[in-house]
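Please look through the sequence and the model shown below. The report after them describes the overall fold and then turns to a few elements and residues.

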Amino acid sequence: MLNLTIWSDFACPYCYIGETRLFNAIEELGLKDDVQIDFRAFELDPSASKEVVSSTPERFAKKYRLSLEDARKQIDQISSLGKELGIDFRYATTNYSNTRDAHRLMKLAEDKYDRGTVISLNEALFKAYFVENLVLADRNVLMNKAIASGIKEDDVRSVLDSNKYDDEVRFDEREAMMRGIHGVPYIVFNGEFAVPGALSLDGFKSALQREINKNKPDSTEERPHQCGPDGCQLL
(Lines give C-alpha, C1' and ligand atoms only; values in the text may rest on other atoms or scores of the structure.)
Protein backbone atom coordinates (compact mmCIF):
# COMPACT_ATOMS: atom_id res chain seq x y z
CA MET A 1 0.00 0.00 0.00
CA LEU A 2 1.31 3.43 -0.96
CA ASN A 3 0.59 6.09 1.67
CA LEU A 4 0.30 9.71 0.59
CA THR A 5 0.02 12.61 3.03
CA ILE A 6 -1.24 15.84 1.46
CA TRP A 7 -1.13 19.28 3.07
CA SER A 8 -3.46 21.69 1.28
CA ASP A 9 -5.99 24.48 1.62
CA PHE A 10 -9.34 24.81 -0.13
CA ALA A 11 -8.56 28.40 -1.17
CA CYS A 12 -5.35 27.31 -2.92
CA PRO A 13 -5.73 27.01 -6.71
CA TYR A 14 -2.60 24.89 -7.13
CA CYS A 15 -3.90 22.48 -4.48
CA TYR A 16 -7.06 21.78 -6.48
CA ILE A 17 -5.07 21.54 -9.71
CA GLY A 18 -2.34 19.40 -8.16
CA GLU A 19 -4.69 16.99 -6.41
CA THR A 20 -6.71 16.55 -9.59
CA ARG A 21 -3.55 15.73 -11.55
CA LEU A 22 -2.44 13.35 -8.79
CA PHE A 23 -5.78 11.53 -8.71
CA ASN A 24 -5.76 11.29 -12.51
CA ALA A 25 -2.26 9.80 -12.35
CA ILE A 26 -3.39 7.25 -9.77
CA GLU A 27 -6.37 6.34 -11.96
CA GLU A 28 -4.34 6.03 -15.16
CA LEU A 29 -1.78 3.80 -13.45
CA GLY A 30 -4.48 1.55 -12.02
CA LEU A 31 -3.40 2.26 -8.44
CA LYS A 32 -6.76 3.35 -7.04
CA ASP A 33 -6.96 0.38 -4.65
CA ASP A 34 -3.28 0.59 -3.73
CA VAL A 35 -3.11 4.17 -2.47
CA GLN A 36 -4.09 5.48 0.97
CA ILE A 37 -4.44 9.27 1.21
CA ASP A 38 -4.31 11.29 4.42
CA PHE A 39 -5.39 14.91 4.11
CA ARG A 40 -3.72 17.51 6.33
CA ALA A 41 -4.88 21.06 6.96
CA PHE A 42 -2.82 24.08 5.96
CA GLU A 43 -4.65 27.40 6.18
CA LEU A 44 -3.05 29.94 3.88
CA ASP A 45 -4.43 32.67 6.12
CA PRO A 46 -5.69 31.48 9.53
CA SER A 47 -6.70 35.07 10.36
CA ALA A 48 -8.88 35.47 7.26
CA SER A 49 -12.33 36.93 7.91
CA LYS A 50 -15.45 34.79 7.70
CA GLU A 51 -16.87 37.58 5.58
CA VAL A 52 -15.79 38.37 2.01
CA VAL A 53 -14.04 41.73 2.18
CA SER A 54 -12.59 42.13 -1.32
CA SER A 55 -12.66 40.64 -4.80
CA THR A 56 -10.01 38.16 -5.85
CA PRO A 57 -8.48 40.48 -8.50
CA GLU A 58 -8.29 43.30 -5.93
CA ARG A 59 -6.65 41.05 -3.35
CA PHE A 60 -4.30 39.62 -5.97
CA ALA A 61 -3.27 43.05 -7.24
CA LYS A 62 -2.55 44.32 -3.74
CA LYS A 63 -0.59 41.22 -2.71
CA TYR A 64 1.65 41.17 -5.79
CA ARG A 65 1.69 44.91 -6.44
CA LEU A 66 0.08 44.50 -9.84
CA SER A 67 -2.43 46.54 -11.75
CA LEU A 68 -5.94 45.12 -11.76
CA GLU A 69 -5.50 44.27 -15.45
CA ASP A 70 -2.27 42.36 -14.83
CA ALA A 71 -3.78 40.64 -11.79
CA ARG A 72 -6.70 39.41 -13.89
CA LYS A 73 -4.28 38.09 -16.52
CA GLN A 74 -2.33 36.12 -13.91
CA ILE A 75 -5.54 34.78 -12.39
CA ASP A 76 -6.80 33.72 -15.83
CA GLN A 77 -3.52 31.92 -16.51
CA ILE A 78 -3.89 29.93 -13.31
CA SER A 79 -7.52 29.18 -14.15
CA SER A 80 -6.44 27.86 -17.54
CA LEU A 81 -4.46 25.10 -15.78
CA GLY A 82 -7.66 23.94 -14.10
CA LYS A 83 -9.66 24.17 -17.30
CA GLU A 84 -7.12 21.93 -19.01
CA LEU A 85 -8.22 19.26 -16.53
CA GLY A 86 -11.88 19.67 -17.39
CA ILE A 87 -12.66 21.81 -14.35
CA ASP A 88 -14.88 24.85 -14.88
CA PHE A 89 -12.25 26.80 -12.96
CA ARG A 90 -13.44 30.31 -11.98
CA TYR A 91 -10.63 31.71 -9.89
CA ALA A 92 -11.34 35.35 -10.77
CA THR A 93 -14.75 35.29 -9.10
CA THR A 94 -13.89 33.27 -5.99
CA ASN A 95 -15.09 34.61 -2.64
CA TYR A 96 -12.14 34.47 -0.27
CA SER A 97 -12.91 33.76 3.39
CA ASN A 98 -11.70 31.73 6.36
CA THR A 99 -11.33 27.97 5.72
CA ARG A 100 -10.97 26.68 9.29
CA ASP A 101 -14.48 25.20 9.51
CA ALA A 102 -14.03 23.46 6.16
CA HIS A 103 -10.87 21.81 7.48
CA ARG A 104 -12.67 20.83 10.70
CA LEU A 105 -15.35 19.07 8.68
CA MET A 106 -12.65 17.17 6.81
CA LYS A 107 -11.33 16.00 10.17
CA LEU A 108 -14.83 14.81 11.08
CA ALA A 109 -15.04 12.86 7.83
CA GLU A 110 -11.64 11.25 8.37
CA ASP A 111 -12.49 10.40 11.98
CA LYS A 112 -15.94 8.85 11.50
CA TYR A 113 -16.50 8.04 7.84
CA ASP A 114 -15.06 5.88 5.06
CA ARG A 115 -12.47 6.97 2.54
CA GLY A 116 -15.06 7.48 -0.17
CA THR A 117 -16.84 10.07 1.94
CA VAL A 118 -13.56 11.82 2.74
CA ILE A 119 -12.59 12.02 -0.93
CA SER A 120 -16.09 13.20 -1.85
CA LEU A 121 -16.06 16.01 0.73
CA ASN A 122 -12.57 17.11 -0.28
CA GLU A 123 -13.65 17.44 -3.91
CA ALA A 124 -16.95 19.10 -2.96
CA LEU A 125 -15.19 21.82 -0.95
CA PHE A 126 -12.71 22.62 -3.72
CA LYS A 127 -15.54 22.69 -6.27
CA ALA A 128 -17.66 24.90 -4.02
CA TYR A 129 -14.89 27.49 -3.92
CA PHE A 130 -13.37 27.42 -7.40
CA VAL A 131 -16.33 26.35 -9.56
CA GLU A 132 -19.45 27.49 -7.71
CA ASN A 133 -17.70 30.46 -6.07
CA LEU A 134 -19.43 29.87 -2.75
CA VAL A 135 -18.21 31.26 0.58
CA LEU A 136 -16.51 28.41 2.44
CA ALA A 137 -16.99 30.10 5.81
CA ASP A 138 -20.75 30.11 5.27
CA ARG A 139 -22.48 27.64 7.57
CA ASN A 140 -25.20 26.70 5.08
CA VAL A 141 -22.65 26.03 2.34
CA LEU A 142 -20.68 23.73 4.64
CA MET A 143 -23.84 21.97 5.86
CA ASN A 144 -25.04 21.31 2.33
CA LYS A 145 -21.69 20.10 1.00
CA ALA A 146 -21.01 17.82 3.96
CA ILE A 147 -24.48 16.25 3.93
CA ALA A 148 -24.35 15.75 0.15
CA SER A 149 -21.01 13.98 0.62
CA GLY A 150 -22.60 11.45 2.95
CA ILE A 151 -22.05 12.95 6.41
CA LYS A 152 -24.97 12.88 8.85
CA GLU A 153 -26.59 16.22 9.52
CA ASP A 154 -26.33 15.79 13.29
CA ASP A 155 -22.58 15.19 12.99
CA VAL A 156 -22.14 18.31 10.87
CA ARG A 157 -24.13 20.46 13.30
CA SER A 158 -22.17 19.06 16.23
CA VAL A 159 -18.92 20.24 14.68
CA LEU A 160 -20.13 23.62 13.44
CA ASP A 161 -21.79 24.39 16.78
CA SER A 162 -18.54 23.76 18.65
CA ASN A 163 -14.77 23.87 18.33
CA LYS A 164 -14.49 20.13 17.67
CA TYR A 165 -11.47 19.11 15.60
CA ASP A 166 -9.91 22.54 16.00
CA ASP A 167 -6.98 20.96 17.84
CA GLU A 168 -6.52 18.46 15.01
CA VAL A 169 -6.34 21.25 12.45
CA ARG A 170 -3.80 23.11 14.56
CA PHE A 171 -1.79 19.90 14.99
CA ASP A 172 -1.54 19.52 11.20
CA GLU A 173 -0.31 23.07 10.88
CA ARG A 174 2.23 22.69 13.67
CA GLU A 175 3.53 19.54 11.99
CA ALA A 176 3.81 21.45 8.72
CA MET A 177 5.81 24.14 10.49
CA MET A 178 8.13 21.56 12.05
CA ARG A 179 8.68 20.00 8.63
CA GLY A 180 9.52 23.39 7.17
CA ILE A 181 6.47 23.40 4.90
CA HIS A 182 5.82 26.95 3.72
CA GLY A 183 3.67 26.28 0.65
CA VAL A 184 1.00 23.87 -0.55
CA PRO A 185 0.22 21.46 -2.00
CA TYR A 186 2.87 19.45 -0.23
CA ILE A 187 2.73 15.69 -0.68
CA VAL A 188 4.75 13.11 1.25
CA PHE A 189 5.13 9.62 -0.23
CA ASN A 190 5.28 6.80 2.36
CA GLY A 191 6.68 9.24 4.90
CA GLU A 192 9.98 9.20 3.04
CA PHE A 193 10.18 11.91 0.42
CA ALA A 194 8.18 14.96 -0.47
CA VAL A 195 6.79 16.47 -3.64
CA PRO A 196 6.35 20.19 -3.01
CA GLY A 197 3.85 21.71 -5.40
CA ALA A 198 1.55 20.74 -8.24
CA LEU A 199 3.58 18.61 -10.61
CA SER A 200 2.38 17.80 -14.11
CA LEU A 201 0.38 14.63 -14.72
CA ASP A 202 3.51 12.92 -16.03
CA GLY A 203 5.49 14.19 -13.05
CA PHE A 204 3.07 12.60 -10.62
CA LYS A 205 2.96 9.37 -12.63
CA SER A 206 6.75 9.20 -12.52
CA ALA A 207 6.81 9.77 -8.76
CA LEU A 208 4.16 7.11 -8.18
CA GLN A 209 5.86 4.57 -10.43
CA ARG A 210 9.26 5.10 -8.86
CA GLU A 211 7.85 4.75 -5.35
CA ILE A 212 5.98 1.59 -6.31
CA ASN A 213 9.35 0.30 -7.52
CA LYS A 214 10.90 1.39 -4.20
CA ASN A 215 13.03 4.09 -5.81
CA LYS A 216 12.89 7.74 -4.91
CA PRO A 217 12.11 10.02 -7.82
CA ASP A 218 14.94 11.81 -9.54
CA SER A 219 15.02 15.56 -9.10
CA THR A 220 12.67 17.15 -11.59
CA GLU A 221 13.31 20.17 -13.73
CA GLU A 222 9.69 21.19 -13.30
CA ARG A 223 8.95 24.29 -11.28
CA PRO A 224 6.06 22.94 -9.21
CA HIS A 225 3.36 25.46 -8.44
CA GLN A 226 2.56 26.22 -4.82
CA CYS A 227 0.64 28.67 -2.67
CA GLY A 228 1.88 29.93 0.69
CA PRO A 229 0.93 32.54 3.28
CA ASP A 230 2.62 35.18 1.12
CA GLY A 231 0.72 34.15 -2.01
CA CYS A 232 0.83 31.79 -4.99
CA GLN A 233 3.69 31.44 -7.42
CA LEU A 234 2.86 33.43 -10.51
CA LEU A 235 3.11 31.93 -13.97
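The text that follows moves from the whole chain to the sheet, its packing helices and single residues.

This is a predicted model, in which local features need pLDDT of at least 70 and side-chain atom pairs count only at pLDDT 80 or more, while totals for chains, interfaces and linings use all residues. Residues are numbered from 1 along each chain as its sequence is written, and side-chain values use heavy atoms, with hydrogens and water left out.

**Overall form**

The protein has 9 helices and 6 strands, where helices (H or I, at least four residues) and strands (E, at least two) are DSSP runs numbered from the N terminus. With 235 residues, a compact globule would have a radius of gyration near 18 Å, and the 17 Å of the protein agrees with this; the radius is taken over C-alpha atoms, and the globule rule is 2.2 Å times the number of residues to the power 0.38. Taken along the principal axes, the box filled by the C-alpha atoms is roughly 50 × 45 × 35 Å. Of the contacts (heavy atoms within 4.5 Å) with a separation of 6 or more, 74% are accounted for by residues 24 or more positions apart.

**The sheet and the helices on it**

An open sheet of mixed pairing is formed by 4 strands in the order β2-β1-β3-β4, two strands being paired if DSSP finds at least two bridges between them. Because β2 (35-41) and β4 (193-196) each have a single partner strand, they stand at the edges, and one side of each is left without a neighbour in the sheet. Neighbouring strands of this sheet are turned by 20 degrees against each other on average, direction ignored; the axes are lines fitted to C-alpha atoms, for helices over the stretch in contact, and angles run from 0 to 180 degrees between N-to-C directions.

Strands β3 (residues 186-189) and β4 run antiparallel and are joined by 4 bridges, with Ile187 standing opposite Val195 in β4. The hairpin of β3 and β4 has 3 residues between the strands, and there Asn190 takes a positive phi near 50 degrees. In a regular strand the side chains alternate between the two faces of the sheet.

Helix α1 (residues 13-28) lies across β1 (2-8), β2 and β3, and runs at about 165 degrees to β1. Helix α5 (residues 115-130) also packs on the sheet, where it touches β1 and β2 and makes about 50 degrees with the direction of β2.

**Helix α9**

The 12 residues of helix α9 (residues 201-212) should span 16 Å at 1.5 Å a residue, and the end C-alpha atoms are 16 Å apart, which agrees; the expected span is 1.5 Å times one less than the number of residues. The buried residues of α9 include Phe204, Ala207, Leu208 and Glu211, and the buried residues of this helix pack against β1, α1, β3 and β4. After α9 comes Lys214, whose phi is positive, near 65 degrees.

| Residue | Relative accessibility |
|---|---|
| Cys12 | 0% |
| Glu211 | 3% |
| Thr5 | 14% |

Cys12 lies in the loop between β1 and α1, and, leaving aside neighbours within four places in sequence, Cys12 is in contact with Leu44, Phe126, Phe130, Val184, Pro185 and Cys227. Glu211, which lies in helix α9, is in contact with Leu2, Phe189, Asn190, Glu192 and Phe193 when neighbours within four places in sequence are left aside. Thr5 lies in strand β1 and touches Asp38, Arg40, Tyr186, Ile187 and Val188, not counting residues up to four places away in sequence.

Terms used
Buried means under 20% relative accessible area, exposed over 50%, partly exposed in between (1.4 Å probe, protein chains only).
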